[in-house]
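Please look over the structure below before reading on. My notes follow as numbered points.

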Amino acid sequence: MTPFGEAVRRLRLRKGVSQKQMAAALNLSPAYLSALEHGKRGLPTFDLLQRIAGYFNIIWDEAEELFLLARFSDPRVVIDTSGLSAEHTAFANRLALCIGDIDESLLTKLTGLLEIAEKAHGKRS
């Protein structure tokens with residue numbers, strides 16, 4: 001599951017609708033919506049993000065958070081290290097090899113370090 005998929009599921013449960021009902025309202029197939037929630041599809045289009053936000057009638061701040069979660073929910077991430085140092089490339093490859101073995105505690109610490117780096121370089125997390 002992806003952060004976006006979890007958020008959509010929470011919104012759907014809060015509204016008390018099934019995947020089938022939501023899919024029909026958004027003119028999507030239930031299979032596509034299920035795959036999107038479970039992280040088996042790529043990122044949703046901006047149009048679909050807007051339709052989802054409208055469907056749930058969420059306020060702008062919550063919609064912005066949903067859009068941000070979608071940005072960080074691509075289940076097939078590609079890290080382009082061309083033009084970076086050998087250390088950057090090695091790090092990206094080592095991370096790819098062990099990402100599934102990182103426990104929640106270490107993941108929380110690494111996320112904190114990434115947030116510090118993003119703020120230092122003016123990138124929004």
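1. A definition comes before the contacts. A salt bridge here is a side-chain nitrogen of Lys or Arg within 4 Å of a carboxyl oxygen of Asp or Glu. The structure holds four of them. This is a predicted model, in which local features need pLDDT of at least 70, side-chain atom pairs count only at pLDDT 80 or more, and totals for chains, interfaces and linings use all residues. Residues are numbered from 1 along each chain as its sequence is written, and side-chain values use heavy atoms, with hydrogens and water left out.

2. Start with arginine 9 and glutamate 37. Their side chains form a salt bridge, 3.3 Å from N to O. Arginine 9 sits in helix H1 and glutamate 37 in helix H3 (residues 30-37), so the pair ties together parts that are 28 residues apart in sequence. Helices are DSSP runs of H or I, at least four residues long, numbered from the N terminus.

3. Are the two partners buried or exposed? Buried means under 20% relative accessible area, exposed means over 50%, and partly exposed lies in between (1.4 Å probe, protein chains only). Glutamate 37 counts as buried because its relative accessibility is 1%. Arginine 9 is partly exposed, at 26% relative accessible area.

4. Next, glutamate 62 and arginine 14. Their side chains meet in a salt bridge, with 3.1 Å from N to O. This pair links distant parts of the chain: glutamate 62 is in helix H5, arginine 14 is in helix H1, and 48 residues separate them. Glutamate 62 has 29% relative accessibility, so it counts as partly exposed. Arginine 14 reaches 58%, so it counts as exposed.

5. The next pair lies within one helix. Arginine 51 and aspartate 47 form a salt bridge, 3.1 Å from N to O. They are four residues apart in helix H4, and are therefore separated by about one helical turn. An α-helix has 3.6 residues a turn, so residues three or four places apart point the same way. Arginine 51 counts as partly exposed at 31% relative accessibility. Aspartate 47 also counts as partly exposed, at 44%. Elsewhere, salt bridges that share partners join Arg9, Arg12 and Glu37 into one network.

6. Now helix H3 itself. Its buried residues are Leu33, Ala35, Leu36 and Glu37. They pack against H1, H2 and H4, where contact means heavy atoms within 4.5 Å. Glycine 39 follows H3 and has a positive phi, near 75 degrees.

7. Helix H5 (residues 60-71) passes a length check. At 1.5 Å a residue, its twelve residues should span 16 Å, and its end C-alpha atoms are 16 Å apart, which agrees. The expected span is 1.5 Å times one less than the number of residues. Ala63, Leu66, Phe67, Leu68, Leu69 and Ala70 are buried in H5. What covers them includes H1 and helix H4 (46-56).

8. Which residues are closest to the centre of the largest pocket? The largest pocket has a volume of about 2,200 Å³. Of its 40 lining residues, Val77, Ile79, Leu95, Ile99 and Leu114 are the closest to the centre. The elements giving two or more residues to the lining are H5, helix H6 (86-98) and helix H7 (104-120). H7 gives the most, with ten residues. The lining divides into 21 nonpolar, nine polar and ten charged residues.

9. The terms need stating. On a 1 Å grid over the protein atoms alone, a pocket is an open set of points with protein on both sides within 12 Å along at least five of seven lines; a cavity is a set where a 1.4 Å probe fits but cannot get out; lining residues have an atom within 4 Å of a point. Grid points are joined across faces, edges and corners, and a volume is the space filled by probe spheres set on the points. Ala, Val, Leu, Ile, Met, Phe, Trp, Tyr, Cys and Pro count as nonpolar, Asp, Glu, Lys and Arg as charged, and the others, Gly among them, as polar.

10. There is one cavity of 30 Å³ or more. The largest cavity has a volume of about 40 Å³. Its lining includes Thr2, Phe4, Leu36, Gly39 and Ala70. By class, that lining has six nonpolar, four polar and one charged residues.
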